[in-house]
Structure formats: structure tokens, C-alpha cells
Amino acid sequence: MAFLSSLNTPLSGMTAERFRLDIIAQNIANADNVATRPEDAYKRQMVVFGEDKVFKKILYTKLETGEAHLQNYVKYRGVEAKAVVDDPTPAEPVYSPNHPLADEYGYVYESNVDVATEQLDATEAENMYSANLAVFEVIKTMATKALNIGKG
């Protein structure tokens, strides 16, 4: 049943996009935070995706040794979240001398999160999640039909 491991690829994409949505939600929740110093302001976080090379490494190793048993490739994955990085955009100073967190010059520093950008990113992540779900459903349907071929 090695062909069932192909389900891991869209599942890994769904997991990665779900994680991305969690980070986006965290960014939106902290969008209105202010700080006294720019380095203390909340920084927008972004997810960096990358290829999970477990499959490629196993495949090349097996091809070099001449081993052709596909059952050994059960740990296939497609994509993974490699890191969460801070957006380097600086915090915005806002003149608000009556704010309790204002510095000696009357400025507070807002987070660099743009809610509209986060909403667009969330829509993109939802669309990618849905695309991976559709691929998962197609593979599942093909596997079910393949298993029913021998039934009379």
C-alpha cells in the first residue's frame, strides 16, 4: 500500500497552510499593539516554507543501491514550515503625547502589521489549503477505485 503514502504530500501542504493561518491570526491579534521603543513594538511574523527532502533523499539512496521496494518510502512529505521570521519593516512612530506609553518626545511605536495585507495572506492560505484538500480527495478516490478493481 505504498501508493497511499502519496496522501502525505497534500496533507503536508494542508498542515503548513494551517500553521500559516495561525501565524496570520497572531499578527492580526497584535496589530494594534504599541510600545515605547521601536525595538519593543510587535513585529509581523511570516512563515517560510521549504521542501521536505526526506522523500528525495530516500529515493536517491534506494536507486543507488538498486533496491526497488516502494514500501520503504512511507515517510514522504511535500512541504514544511522551515522557519518563522520577523518582518524587517521598522515600527511606525505615532505622535501621541497623552498616551501612557509615549516616550519623552511624545511618540509611541505601532506594530508593522497591516491588517489588509494579513487578510490577503489569509485568503491565499485558505485557497492553498482548499487546493491541497482537493488533491487529497482525488488521490483518495483513485485509491478507493483501485482497491475496488478486483471486486466482482
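Trainee: Is Arg44 buried or exposed, and what is its relative accessible area?

Mentor: Before reading any single residue, bear in mind that this is a predicted model. Burial is read from relative accessible area, and the cut-off that matters here is that buried means under 20%. Arg44 has a relative accessible area of 11%, and therefore counts as buried.

Trainee: With which residue does Arg44 form a salt bridge, and how far apart are the closest N and O atoms?

Mentor: Here one looks for a side-chain nitrogen of Lys or Arg within 4 Å of a carboxyl oxygen of Asp or Glu. Arg44 forms such a salt bridge with Asp121, the closest N and O atoms being 2.7 Å apart. Arg44 lies in the loop between strand S1 (34-35) and strand S2 (45-51), while Asp121 lies in helix H3, so the pair ties together parts that are 77 residues apart in sequence. Asp121 is buried as well, with a relative accessible area of 18%.

Trainee: Which residues are linked with Arg44 and Asp121 in a network of salt bridges?

Mentor: The network of salt bridges consists of Arg44, Asp87, Glu118 and Asp121.

Trainee: What lies 2.6 Å from the backbone nitrogen of Arg44?

Mentor: A polar atom of the side chain of Asn112 lies at that distance from the backbone nitrogen of Arg44, and the side chain of Asn112 also has a polar atom 2.8 Å from the backbone oxygen of Thr89. Asn112 is found in the loop between S5 and helix H3 (115-147), and with a relative accessible area of 12% Asn112 is buried. Leaving aside neighbours within four places in sequence, the residues in contact with Asn112 are Tyr42, Lys43, Arg44, Asp87, Thr89 and Pro90, and this list includes both Arg44 and Thr89.

Trainee: Which residue's side chain meets that of Arg20 in a salt bridge?

Mentor: The partner of Arg20 is Glu124, with an N to O distance of 2.8 Å. This pair links distant parts of the chain, since Arg20 belongs to helix H1 and Glu124 to helix H3, 104 residues apart. Arg20 counts as buried at 14% relative accessibility, whereas Glu124 counts as partly exposed at 40%.

Trainee: Which residues does Val84 touch, not counting residues up to four places away in sequence?

Mentor: Val84, which is found in strand S3 (residues 79-86), touches Phe19, Ile23, Gln45 and Met46 under that condition. Val84 is partly exposed, at a relative accessible area of 35%.

Trainee: Which residues make the nonpolar surface patch of about 380 Å²?

Mentor: That patch is made by Tyr95, Tyr105 and Tyr107. Tyr105 sits in the loop between strand S4 (92-95) and strand S5 (107-110), and with a relative accessible area of 60% Tyr105 is exposed.

Trainee: In what order do the elements of the chain run from the N terminus on?

Mentor: The order is α-β-β-α-β-β-β-α, which corresponds to three helices and five strands. Among contacts between residues at least 6 apart in sequence, 74% join residues at least 24 apart. Buried residues make up 30% of the 152 residues, and the accessible surface of the chain comes to about 10000 Å², of which 58% belongs to carbon and sulfur atoms.

Methods:
Residues numbered from 1 in each chain as written. Predicted model: local features only at pLDDT ≥ 70, side-chain atom pairs only at ≥ 80, totals over all residues. Heavy atoms only, no water. Helix = DSSP H or I, 4+ residues; strand = E, 2+ residues; numbered from the N terminus. Buried < 20%, exposed > 50% of the residue type's maximum accessible area, 1.4 Å probe, protein only. Contact = heavy atoms within 4.5 Å. Patch = residues over 30% accessible without salt bridge, like charges linked within 9 Å, V, L, I, M, F, W, Y side chains within 5 Å. Areas by Shrake-Rupley, 256 points an atom, 1.4 Å probe, with all protein chains shown as cover. Polar contact = N/O pair within 3.5 Å; in protein donor to acceptor, adjacent residues only side chain to side chain.
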